[in-house]
Amino acid sequence: GQYPVGMSQVKVSSAGEWAVNGVYKPRNPSDIPAGFAKTCEKMFWDVRSTWNQLADSKRIWFEAENGSYIYWNKSDGRWWLDGPSGAGLYIVKSSKELPPSEGWKALRGSRAPLPIVEIV
């Protein structure tokens, strides 16, 4: 899916989970991250309805070249930073339009240091 031209990109650096470090491009809210779909299939959840339940249909999400992604989860009011496999690695409570730079926490089993998140 094409993403809107001129939209912000997100840069993640210094994360202990190295797979999430990189530049993320904005993606259309109706597109579903491949890692998200993988996780749903593993759990025998319907991919589209699970995405519609968790993701905000009006809010852009962001994807790195390796398939890591950042999206806002409307069910818990948090931005999630997930690895290419779809595993959630870092979260932050925020309702901002774009992922915030501060306040990220590592989910259990995720390595420190915490990510530095910048809008570029």
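Predicted model: local features only at pLDDT ≥ 70, side-chain atom pairs only at ≥ 80, totals over all residues.
Me: Why is the pair of F36 and W51 called edge-to-face?
Reply: The ring centres of F36 and W51 are 4.9 Å apart, and rings pair if their centres lie within 6.5 Å. Their planes stand at 80°, and planes over 60 degrees apart count as edge-to-face. The pair is therefore edge-to-face. The structure holds six aromatic pairs.

Me: What makes F36 and W51 a link between distant parts of the chain?
Reply: F36 is in helix α1, residues 34-42, and W51 is in helix α2, residues 47-54. The two are 15 residues apart. Both are buried. Ring pairs also join F36 and W51 with W61, Y69 and Y71 in a cluster.

Me: How do you know that S110 is buried or exposed?
Reply: The relative accessible area of S110 is 14%, and buried means under 20%. S110 is therefore buried. S110 is found in the loop between β7 and β8.

Me: What does the side chain of S110 reach, and what makes this a polar contact?
Reply: The side chain of S110 reaches the backbone oxygen of L89 at 2.8 Å. The limit for a polar contact is 3.5 Å, so the pair from S110 to L89 counts. S110 also touches E17, G88 and Y90.

Me: Why is R59 said to lie over the face of W72?
Reply: R59 is at 3.8 Å from the ring centre of W72. A charge over a ring has to be within 6 Å of the centre and within 35 degrees of the ring normal. R59 is counted as lying over the face of W72.

Me: Which residues have the most contacts inside the largest nonpolar core?
Reply: They are V12, V20, Y24, I70, L81 and W104, in a core of 17 residues. β6 gives the most to this core, with three residues. Among the residues that W104 touches are I70, L81, Y90 and V117. Apart from this core lies another, of ten residues, among them W51, L54, A55 and Y69. In soluble globular proteins, nonpolar side chains tend to be buried together.

Me: Which residues of α1 are buried, and what covers them?
Reply: The buried residues of α1 are G35, F36, A37 and C40. Their cover includes α2 and β4. Just after α1, F44 takes a positive phi of about 60°.

Methods. Residues numbered from 1 in each chain as written. Heavy atoms only, no water. Phe/Tyr/Trp six-rings, centres within 6.5 Å; stacked < 30°, edge-to-face > 60°. Helix = DSSP H or I, 4+ residues; strand = E, 2+ residues; numbered from the N terminus. Buried < 20%, exposed > 50% of the residue type's maximum accessible area, 1.4 Å probe, protein only. Polar contact = N/O pair within 3.5 Å; in protein donor to acceptor, adjacent residues only side chain to side chain. Contact = heavy atoms within 4.5 Å. Core = buried A, V, L, I, M, F, W, Y, C linked by side-chain atoms within 4.5 Å. Lists of a residue's contacts leave out its neighbours within four places in sequence.
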